[in-house]
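Please look through the sequence and the structure shown here before reading on. The report that follows takes up charged pairs, aromatic rings, nonpolar cores and the surface in turn.

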Amino acid sequence: MHDLVLRGGTVHDGLGIAARTADVAIAGDRIVAVGREVGAAHRVIDVAGLMVAPGFIDPHAHSDLVPLMPDPQPFKLLQGVTTEIVGNCGLSFAPLTHRALPDARSLLRDLAGGVELRVRTFGDYLDAVEAAGPTNHVAALVGHGMLRMSVAGMEPRLPAGGLAEMSRLADEAFAAGAVGLSSGLIYTPGAYADTDELVALAQVAHGWDRIYSTHIRDEGEGLTTALEEAIEIASRAQVRLQVSHCKAAGRASHGNSRMVLDMLRAARIAGVDVRGDQYPYLAGSTTLASLLPAEAHVGGASALRERLRDPLARKRLRERAEDPATSVGVGLWRSAPPSGVLIISHADADLVGRTLDQLASDRDPWDVMCGIVAADPGALMVITLMSEADVRTIMVDPLIAIGSDSGIPSGLGHPRTWGTFPRFLGTYVRDLGMVPWPEAVRKMTSATARQFGLTGRGWLGRGAIADIAVFDQETVGHAGTYHENPAAPPTGIPYVILAGHVVVDDSAFCGERWGRVLRAGHASHY
C-alpha cells in the first residue's frame with residue numbers, strides 16, 4: 001500500500017511535455033507510480049481539476065540564515081517552492097573568518113534576519129542548517145564576495161597569497177557540498193576583483209563540476225561589457241554559467257532585453273553552457289548603499305560612514321556616480337529617480353515605507369541618501385529599474401528560469417519574497433498568456449534542477465524525489481504590493497509535498513520542518 005496518492009490531477013512532468021490526467025503514487029520520499037489505477041494508499045487526496053507539478057525550485061534566494069531563525073518559515077512552501085538555492089550574489093554567510101566578521105555584521109545585518117553571525121567554515125554552515133532543520137530543501141553556493149572578505153576584508157587589493165587562500169577556502173566549500181560559486185560584482189568587496197581573479201576561482205569550481213552563478217558587474221549602461229565578462233569567465237574556466245536575475249536595468253538600458261538574449265544564445269553556440277533566471281517584477285531590492293560608487297566602501301563600514309559625513313567626500317562620490325563617461329563601479333544612483341527608491345529596512349523605523357523623494361522633500365536627495373546610509377550601512381531598498389516590455393521579452397525565452405531573489409521573510413520587504421512563483425503563474429501565464437502551462441512549469445522546475453545538478457528533482461515521474469506542488473490554474477496568484485502588504489499570502493496552491501510529507505494541506509502550513517540540506521557530491525543528502 002502506498003503512503004499517499006494524488007488522484008485525478010492534471011500532471012505536468014516538468015520537462016515541458018503536454019500534461020495528462022493521472023494519479024501520482026508516493027511511498028517514502030519517492031514517486032513510485034504515475035498513471036491510472038495506481039493502487040491503494042493510506043491517504044488519498046482528490047486533486048481533480050488541479051495541476052500537479054514537480055516542486056518548484058528557486059535558483060536565486062537570499063534565505064541563507066532563515067533555517068536558523070527560531071520558528072519555521074513556510075513562505076516558500078506556500079508558493080509551491082520545495083528547494084531554494086542560497087548563497088547568491090557572492091553573499092554567502094560562509095566561510096566567515098575573523099577578518100570578515102566585523103564588516104559582515106554591519107553590512108549584512110538585514111539579510112541575517114536576526115541570526116547572530118559567527119566565524120564558521122562552509123561545512124559548519126551546512127551542518128548548522130541541517131541541525132536546525134530547514135522548512136524547505138536548501139542547496140548553497142559559496143560566495144566570491146565572502147571569500148574575498150574573509151581574506152582581505154573590504155580592501156580593494158588582495159594581500160600576498162590572498163588568491164591562493166580564497167581558492168583553498170572555495171575548494172573546502174565544494175568538498176563540503178557547495179553546489180557552485182556565486183559572484184555579485186556590483187557589491188563590494190566583489191566589485192574590486194578583476195576578471196582573472198574570478199577565472200581562477202571558477203577553475204576551482206570546474207574541478208568539482210560546479211556551476212558559476214553571477215550577478216554581473218553592470219545590468220544597466222555597461223550591460224554588454226558585463227555579460228561579455230561573465231561569458232569569458234565561464235569559457236576560460238569551462239564551467240556552466242547562470243546569469244542571475246536577467247534584466248535591462250535603469251532608464252538608459254531599457255530596450256536592451258533582446259540583446260541580452262542574443263548574447264546568451266551566441267555564447268551557447270560558442271560552447272558555453274549558459275542559462276539565466278528572472279523575477280516577474282519591475283523593481284528589484286538590494287542594499288541602499290548600492291546607490292553609491294564602489295570606492296565609497298573601501299575600508300569597510302566605519303570608513304564608509306566617515307566618507308558620507310564629509311561634504312567634500314560626498315561631492316566627489318556624486319561626481320563619480322553621475323559621470324556620463326563611465327558606468328562600471330558607479331553604483332545605481334542614476335538608474336532610478338528618487339521617487340523610485342523605497343526604504344524597506346533601516347535602523348530608524350520612521351524611514352521605512354517612504355521613498356527617497358518623500359524623505360528629501362525640499363532637500364538634496366543625494367545628501368539625504370548619504371545621511372541615511374551613514375546611519376545604517378546595511379539598510380535595504382526596493383528600486384524600480386525595469387520596463388514591462390523588457391520583463392516580458394526575457395520571460396518567454398526558453399533559456400530563462402524563474403527565480404525570486406527573495407530576502408528575509410520579515411518587515412516590509414519586496415513582494416517577490418512571498419509571491420514570485422504564484423505571481424508568475426497567475427499574472428503572466430494565466431492572465432497574459434506569456435508562455436504555455438507546460439513551459440511555465442519547466443521554467444520553475446527542470447530548467448533549474450539540470451543547471452545546478454539537483455539529481456532526482458525538477459521532474460515528476462517514477463523514481464523522482466516526491467517534491468510536488470499542486471495548484472489551481474484559475475485562482476493561483478499573489479496580491480502583495482511594494483508599499484502595502486507585500487507578505488500577503490499566495491492563493492491557489494492547496495497542497496505541497498516535500499520528500500513524501502504533506503507540508504501544505506488545504507493551503508495551510510502543517511508546521512513541521514521536513515527540508516533537507518542538499519550537498520553536491522554527497523549522494524546520501526540528495
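## Salt bridges

A search of the whole structure finds 33 salt bridges, each being a side-chain nitrogen of Lys or Arg within 4 Å of a carboxyl oxygen of Asp or Glu. This is a predicted model, in which local features need pLDDT of at least 70 and side-chain atom pairs count only at pLDDT 80 or more, while totals for chains, interfaces and linings use all residues. Residues are numbered from 1 along each chain as its sequence is written, and side-chain values use heavy atoms, with hydrogens and water left out.

One of the bridges joins the side chains of E232 and R236, at 3.0 Å from N to O; both residues lie in helix α6, four residues apart, which is about one turn of the helix. (Helices, H or I of at least four residues, and strands, E of at least two, are DSSP runs numbered from the N terminus.) Another bridge, between R416 and D405, has an N to O distance of 3.3 Å. Because R416 lies in helix α13 and D405 in the loop between β16 (400-402) and α13, this pair ties together parts that are 11 residues apart in sequence. R416 and D405 are both buried, where buried means under 20% relative accessible area, exposed over 50% and partly exposed in between (1.4 Å probe, protein chains only).

## Aromatic pairs

The whole structure holds five aromatic pairs, counted when ring centres of Phe, Tyr and Trp (its six-membered ring) lie within 6.5 Å, with planes under 30 degrees apart called stacked, over 60 edge-to-face and the rest tilted. F56 and F421 are stacked, with 6.0 Å from centre to centre and 15 degrees between the planes. Since F56 lies in strand β6 (residues 56-58) and F421 in helix α13 (residues 416-431), the pair ties together parts that are 365 residues apart in sequence.

## Nonpolar cores

A nonpolar core is a set of buried Ala, Val, Leu, Ile, Met, Phe, Trp, Tyr and Cys residues joined through side-chain atoms within 4.5 Å. The largest such core has 78 residues, of which F122, L181 and L241 touch the most other members. Helix α6 (residues 223-237) gives the most to this core, with eight residues. Apart from it lies another core, of 59 residues, including A249, L304, W333 and I383.

W333 also pairs with W366: their ring centres are 5.0 Å apart and their planes at 85 degrees, so the pair is edge-to-face. Both W333 and W366 are buried.
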